[in-house]
Amino acid sequence: MTAIQDQACALYQQLEPIAKRFLFERPPKPSEVNGRPMVLFLGNHSAGKSSFINHLLGDSVQRTGIAPVDDGFTIIMPGNEPLNKDGAAVVTNPELGWEELKNFGETLVSRLRLRTHQSRSLGDIALIDSPGMIDAANSSSDRGYDFPRVVRWFAVRADVILFLFDPDKPGTTGETVQVLKEALDGLDHKVLLVFNKVDRFESMRDFARAYGALCWNLARAFKPRKDLPHIYNTYLPVNEHENMHTHPLPLEDFDMAREEVLGEVYLAPKRRLDNVVSRLYRYTRRLRMHATVINQQRIDRTRRVQYYGLLGAALLLLAGSSIYGAIQLMTESVFFGVSVVIAVALAALGALVAFYVMKKQTLSPKELFEEAFERPLKLDEQGADLRALWTSVEDQVTLAFKTAETFKGLSRSERRRIDKIIDVEVPRMRAEAEASQRERRENAA
Ligand SMILES: Nc1nc2c(ncn2[C@@H]2O[C@H](COP(=O)(O)OP(=O)(O)OP(=O)(O)O)[C@@H](O)[C@H]2O)c(=O)[nH]1
Ligand SMILES: [Mg+2]
């Protein structure tokens with residue numbers, strides 16, 4: 001595990017100067033790459049996030065209840081001694097690695113807690129409990145901190161994200177949609193959608209109706225995609241006094257789904273490796289696109305200078321030859337007059353055309369992108385992929401152009417360095433991660 005993490009850190013270090021020069025986001029710090037496996041719990045309030053965590057830990061670590069219980073984030077890290085620290089203590093201790101959360105403001109810090117677990121089956125995995133999502137239209141002002149941004153902060157670092165829904169509000173709250181759309185953008189591969197509390201349904205028909213509503217809402221919340229992601233239908237055995245054998249729904253199937261979800265949670269360390277590599281891949285590809293589009297402006301300018309140079313030369317030649325002709329026809333003063341007029345008119349027309357073309361050619365970031373990737377954009381598959389990548393860097397490119405007038409071009413060696421990471425290093429690291437995983441499985445067997 002550490003070998004791959006070290007390699008990723010070294011490659012990020014190679015990319016850092018390029019990212020800095022092109023005003024792109026900084027690469028993840030070693031502390032982020034080296035972090036422990038992490039599972040994030042999201043969902044509307046009362047969906048069962050805290051109950052799920054308690055179920056995993058086999059202990060009532062988190063408080064649960066019908067009314068909104070959690071109004072902040074709780075980090076539950078593995079540790080030998082039971083701890084219960086408040087936010088201020090968490091963000092000021094660099095050893096714990098949560099310092100960056102300070103940047104989200106006092107309110108968040110005051111709503112942050114850190115606890116420890118000694119669960120042997122969870123091993124090194126950290127769990128993050130989050131406040132339930134609510135229906136308020138503008139929840140960020142109600143919460144006192146930017147909730148979607150904080151969720152994104154955790155989500156980017158998490159290896160598995162459990163997104164829980166419950167029968168009461170299957171995916172309809174405003175905040176849920178906002179988080180699915182914005183905060184989890186590009187992180188779908190980590191997200192497991194869990195429809196919890198299905199034991200609450202009295203009949204199959206009720207379940208089917210709610211499940212349909214959930215699918216419908218999810219399809220609208222997710223960015224356009226061809227398929228609907230898998231949804232785990234399950235429940236937690238919190239009401240053990242009830243006789244589950246006489247339940248109108250076939251609970252065994254839902255028990256199995258719970259085991260599958262738990263299995264995914266226990267796979268977090270493996271996912272961690274995959275995510276380190278995937279994150280490096282995505283970062284490098286985004287950086288490449290960012291730098292390529294900015295570089296395109298230079299290419300475009302050079303081309304324009306050449307074009308106007310040629311146009312100017314042609315005009316000069318034209319004016320020169322007309323004057324020459326005029327001198328030749330000096331005797332006929334009418335001709336002289338006419339040729340001078342023609343020469344001046346032509347020069348003026350040329351200048352007008354040049355001005356018009358020049359004005360049109362101040363390309364927007366989007367146009368630069370389309371110019372730089374003209375050919376691959378025409379291909380269906382590749383085109384869609386490039387456009388999706390472009391949406392993820394467009395704002396940064398626009399901001400970079402606003403911040404700086406000119407950029408030094410992307411050198412050939414820099415381009416080679418970037419390409420090598422994408423085409424050689426990442427596939428090699430993936431293979432290595434696969435091999436280490438296989439070895440671990442064989443050892444376990
Ligand atoms: N019937 C049933 N009840 C459940 C299930 N999971 C959780 N509950 C109950 O639902 C209530 C809410 O659960 P919590 O775990 O507190 O939910 P939460 O998502 O942490 O809620 P907030 O912290 O308020 O966001 C509790 O009373 C749980 O006992 C389930 O699968 N079936
Ligand atoms: Mg809770």
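How far is an oxygen atom of ligand 1 from an N or O atom in the side chain of Ser51? The distance is 2.5 Å. This is a predicted model, in which local features need pLDDT of at least 70, side-chain atom pairs count only at pLDDT 80 or more, and totals for chains, interfaces and linings use all residues. Residues are numbered from 1 along each chain as its sequence is written, chains are lettered from A and ligands numbered from 1 in the order in which they are written, and side-chain values use heavy atoms, with hydrogens and water left out.

**Ligand 1**

- Ligand 1 is surrounded by 24 residues, and the closest are Lys49, Ser51, Val69, Asp70 and Leu236; a residue counts as near if one of its heavy atoms lies within 4 Å of the molecule.
- A backbone N or O atom of Gly48 lies 2.9 Å from an oxygen atom of ligand 1.
- For Ala47, a backbone N or O atom lies 3.2 Å from an oxygen atom of the ligand.

**Helix α1 with helix α16**

- Two packed helices are described by the angle between their axes and the distance between the axes.
- Helix α1 covers residues 2-21 and helix α16 covers residues 412-444; their axes come within 11 Å and cross at roughly 160 degrees.
- The two helices are therefore roughly antiparallel to each other (an angle over 145 degrees).
- α1 passes α16 in a left-handed crossing, meaning that the near helix is turned anticlockwise from the far one by less than a right angle.
- In α1, residues including Ile4, Leu11 and Arg21 take part in the contact, and α16 contributes Glu414, Ile421 and Ala433 among others; contact means heavy atoms within 4.5 Å.
- The residues of this contact divide into nine nonpolar, two polar and six charged, where Ala, Val, Leu, Ile, Met, Phe, Trp, Tyr, Cys and Pro count as nonpolar, Asp, Glu, Lys and Arg as charged, and the others, Gly among them, as polar.

**Helix α1 with helix α11**

- The axes of α1 and helix α11 (residues 268-328) come within 11 Å and cross at roughly 15 degrees.
- That makes α1 roughly parallel to α11 (an angle under 35 degrees).
- The crossing of these two helices is left-handed.
- Among the residues of α1 that meet α11 are Ile4, Ala8 and Tyr12, while those of α11 include Arg272, Leu280 and Leu287.

**Helix α7 with helix α8**

- Helix α7 (residues 147-157) and helix α8 (residues 174-183) have axes that come within 10 Å and cross at roughly 50 degrees.
- α7 and α8 are therefore oblique to each other, and their crossing is right-handed.
- Phe147, Pro148, Val151 and Arg152 in α7 meet Glu175, Gln178, Val179, Glu182 and Ala183 in α8.
- By class, this contact has five nonpolar, one polar and three charged residues.

Notes:
Axes are lines fitted to C-alpha atoms, for helices over the stretch in contact, and angles run from 0 to 180 degrees between N-to-C directions. Helices (H or I, at least four residues) and strands (E, at least two) are DSSP runs, numbered from the N terminus. Angles under 35 degrees count as roughly parallel, over 145 as roughly antiparallel, 65 to 115 as roughly perpendicular and the rest as oblique. A polar contact is a pair of N or O atoms within 3.5 Å; within protein, one must be able to donate a hydrogen and the other to accept it, and residues adjacent in sequence count only if both atoms are side-chain atoms.
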